[in-house]
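Please open the model in your viewer and keep the selection tool at hand. We will go from one stop to the next.

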Amino acid sequence: MNYFKFFSLPQQFNVDLSLLETNFRAIQSASHPDRFVTCTSAEKIASMQTATLANEAYLTLKNPANRAKYLLLQQGIDAIDEKNTQMAADFLMQQLEWRETLDDAKHAKDLDTLENLLAEMQTEANILQDDLADYFDEKQDNVAATDTTRKLIFIDKVCADIHKAIEHLE
Amino acid sequence: MAYSDKVLDHYENPRNVGSLDKNDPNVGTGMVGAPACGDVMKLMIKVNDSGIIEDAKFKTYGCGSAIASSSLVTEWLKGRTIDQAYAIKNSEIAEELALPPVKIHCSVLAEDAIKAAVADIKAKQLAAKVAA
């Protein structure tokens, strides 16, 4: 089942998030176990499967990196293929620098630096998402889209680690 | 997951961490990354006039197996020719460190970092020849 079709959305990177949310809630409530108390076990299983699919599809489409990965998979491209280690050297150099800043700030318990770094990451993520909309929806450029998706996954990892570091300090 | 003794040894006492002068015409740099884990590996090699690797340094952000893989290859690289270095296979690295299947990709990263560093030094040497 195609996740975009499942939520009656056009298959593209730019997604109407509020429509996604509305359609998800509708399917979720229609497949809620409480509605199937008096039904046959086959109907119960079917509704449970729908609810599970709805969750998975929602989480995939809601997150930009997951959505990009999914769009590429639909075209037979595995963005995180472990055999593909090639990425722009300047991007990787930047990654190492961000990682160093994060480690230093963590050890120094420097909350300001962590928050500045997080803001910087979010700006980067926004730029990459704009690029993805362009590559997927306008240019149909899968090569550039794959490269950008890989970068966004890296940025998301740094963001998650900054969040962890901040929580640890607070 | 339990790391092997060799992985722990390299992780706790990494060999050859650091950088070489990237502007040195005899230094080649290889940078690779794996988005799934967020691993980044930078490997630098210094080659003498006979094509033998004199020095190797690395900087890796990633899990213990990724750090151990890069630390191990810097030891292996010293004294080898660049062609011998290019021939190193990820399976040799994985076997030496007893990496479990889920960590094989760390050795792939190290092999690709060597290949990228060798390609970089070859490109530099070619450019120097063309300029000469």
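**Where the chains touch**

Start by selecting both chains: 16 residues of chain A are in contact with 15 residues of chain B (contact means C-beta atoms, placed from the backbone, within 7 Å). This is a predicted model, in which local features need pLDDT of at least 70, side-chain atom pairs count only at pLDDT 80 or more, and totals for chains, interfaces and linings use all residues. Residues are numbered from 1 along each chain as its sequence is written, with chains lettered from A and ligands numbered from 1 in the order in which they are written.

Now pick α5(A), which gives the most to the side of chain A that touches chain B, with 6 residues (helices are DSSP runs of H or I, at least four residues, and strands of E, at least two, numbered from the N terminus).

**Into the core**

Next, select M41(B), L43(B), I45(B), L109(B), A113(B) and A117(B): they have the most contacts inside the largest nonpolar core, which has 39 residues. Such a core is a set of buried Ala, Val, Leu, Ile, Met, Phe, Trp, Tyr and Cys residues joined through C-beta atoms within 7 Å; buried means 20 or more other C-beta atoms within 10 Å of a residue's own. The largest share of this core, 10 residues, comes from α5(B).

Stay with L109(B): leaving aside neighbours within four places in sequence, its contacts include T85(A), V32(B) and M41(B).

Finally, show α2(B) and α4(B), whose contact includes L72(B) on α2(B) and I93(B) on α4(B).

Key
Buried ≥ 20, exposed ≤ 12 C-beta atoms within 10 Å, placed from the backbone. Contact = placed C-beta atoms within 7 Å.
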